[in-house]
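Hi everyone, thanks for coming.

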Amino acid sequence: MVTAHSLHRRAHSIESLAIYTTTDCSVFVATTQRIPYLHNMLTNITSTCLDNDGATPLQTFNQNPNLPPSITVGRVNNTDIFCLGDDTDDDVEGAGQVCYNNIPGVHRALSNFNLNDYKKPDIDNEVEKKEVPFTIEDMDKLVPGMWLKCLYDTDDTKLYEAMYLTSDANQMSPDVEGINTPNTIGVEYHRDELDKGDDAQKIVPISWCMPYGYNVYETENNVQYMTENPDIFHRAFKDLSNKHIVSSDEKVLFTYSQQGGTVARDKDGYLKMGRDDLALPAEMDTSTYSTIYSALPFSNPEIQQVDNKLKLYQLYKDDLLASAVFPKSYSSYKEALQDTEEGGEDIFYIKDAGAARGEDIHIKTWDELEADYKQLKENGELANWERNVIIQRAVTDLYTIDGDGPISGARFDIRYYMVITDGKVYLHSNMVFKWPVGLKYDPTNTNFDDQVVKDYYYKPGMIKPTYLETPLTDEHGNKWNNSERKRRRSSATSSSSDQFKKSDIHGWRDAVADALDDASGVFENLKEITRDDPTKYVLAGGDAMIREDGSAVIVEFNVWCDLSGPYKRLTKCISGEKCNGMFLQTGESADNYIVTEPTAAADIVSSEATAEVMRDMISMVMKVQPADEIEGLREIVVRDE
């Protein structure tokens, strides 16, 4: 029979495991490529490995019954492991699974997962939306700036977002369509929902409308929250429910929403929609709250300064440290053409300055850029076009992984998250890494679909792991979340031709932190706002890439980034629509990483990691914990050289 010693020698360097037991109840390991004769030999004897309760070790192995049947997590021989795959043998629990150890972040996410944690809390006094059409008796409940859902015409069945302006038709422009009766109200529809040519303002019967409403959820410790991405926030606040946040005589509201509005007047004195992105609904009574925490609205000029790509460039272009970590950028075609070789091999990205998710990007060669410049100039459109775009020279020295694995030779992007609160900026260690599968990186390729991840939720052949392993200390013993000037740790990343280029997510993560340190001057105005008013905060995502030398390139920032993607993917996966493979950095396999078969574990880990980001950022904003106690957050500060 195979001995534990001989099998251990064969698998001692493999971090991907298949679990088997023998008559003496030892735990064996095999590579991810199962050894059939060994499997057949051992599956017949695992039932003899009983503990005091008469259960086999593998039957007691799964410590989280909330996981899907194909996933197990627990400890074997004092080692944290998790297993993925369907049971292929009815007689042996876990026989068809492949198991992994020494990946604590994934183990933590799978151990903590409970789909019910993403549901609304079961609190009696929760404020709920009520979707009931108004009647004439509801007229006194309407507040100017209140968001409604209204029909647009008599034959409509669809409800459109609209802001309530007034019940006095005389306050509306005489050009507005409608009937002046006691049962009508003046509204302005959200322009984005209307067809071209439709009038935004109308006078309509009150019965055509109902409140848009809002949800306020309450935790067990006097904290209420209101958000546009409730699922992830339900999960985040679930983790905070056992912490003492406020005293019993206080009532606190945390908001991550833009559901409030105001009414203004046009040049002729008639009513119109004013602000449409305030944190609190116009009809909400806020007098009972002792503190309200709210994110700065998207329309705030200082938010626009960092979210808008052209305005951001104008902010950092004269900052030597900051400009070095962004792609070489230009505010005009002429400047870009004059700064590069005529007819040369440079590739340019022309981006809509306000767009996100890879939208409105054009990739051009030097000759194509010159042709566009001449055409725009000839048509008299150049000045207007250049007000809304930024031109960036392609980064051509991007790092790619060697080897034969599914992501070898592919470029990749990094999504990271930051919070600005109380005059400081913090970067979270949980980051998303995105690789296209089977597409080798070619810096001269101008095909949009090959170069840009335009679909934030799905793209065929995309590996998109969320990495939540605890950051390593650097060569000086500094932890990720300390306040010292932390350089990038010694890394496997190298441009040397004689060194195998591996996956090095710890090093890449530190590189992003270092680059943000250098770019931190762009956040000074936002830091000042949150310092002056500690109830205000900024939550932002950002994108980065890694160069051949291991340094990071900061591509852009996205304030009010979409946080709903991970949970949407998770629910689709669990329902059987689509699951993704999971990337695991092992450090021991030939390519030093593994991509599993499609599994719900990938989206469970992604959702749990995103919820951890939200939990830690909420902790910082509400001062639940000091920064040095939150392992995932690292302050972004200008480094001393």
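Let's start at Leu 84, which sits in strand E5, residues 79-84. A quick word on labels: helices (H or I, at least four residues) and strands (E, at least two) are DSSP runs, numbered from the N terminus. Before going on, please keep in mind that this is a predicted model, where local features need pLDDT of at least 70, side-chain atom pairs count only at pLDDT 80 or more, and totals for chains, interfaces and linings use all residues. Residues are numbered from 1 along each chain as its sequence is written, and side-chain values use heavy atoms, with hydrogens and water left out.

So, is Leu 84 buried or exposed? Leu 84 has a relative accessible area of 7%, so it is buried; the cut-offs are under 20% for buried, over 50% for exposed and partly exposed in between, with a 1.4 Å probe and protein chains only.

Now the disulfides, meaning pairs of cysteine sulfur atoms within 2.5 Å. How many turn up in a search of the whole structure? The search finds 3, and counting bonded cysteines along the chain, the pattern is 1-2, 3-4, 5-6.

Cys 83 and Cys 99 are bonded with their sulfur atoms 1.9 Å apart. This pair ties strand E5 to strand E6 (residues 98-101), 16 residues apart, and both cysteines are buried.

Cys 150 and Cys 209 form another, with sulfurs 2.1 Å apart. Here strand E7 (residues 147-150) is linked to strand E11 (residues 209-211), across 59 residues.

Then there is Cys 573 with Cys 579, S to S 1.9 Å. The torsion about that S-S bond is about 95 degrees, so the link is right-handed. Cys 573 is buried at 5% relative accessible area, whereas Cys 579 is partly exposed at 26%.

Finally, two helices. The axes of H3 (104-112) and H15 (600-621) come within 9 Å and cross at roughly 90 degrees. Axes are lines fitted to C-alpha atoms, for helices over the stretch in contact, and angles run from 0 to 180 degrees between N-to-C directions. That makes H3 roughly perpendicular to H15, a label covering 65 to 115 degrees.

Key:
Contact = heavy atoms within 4.5 Å. Parallel < 35°, antiparallel > 145°, perpendicular 65-115°, else oblique.
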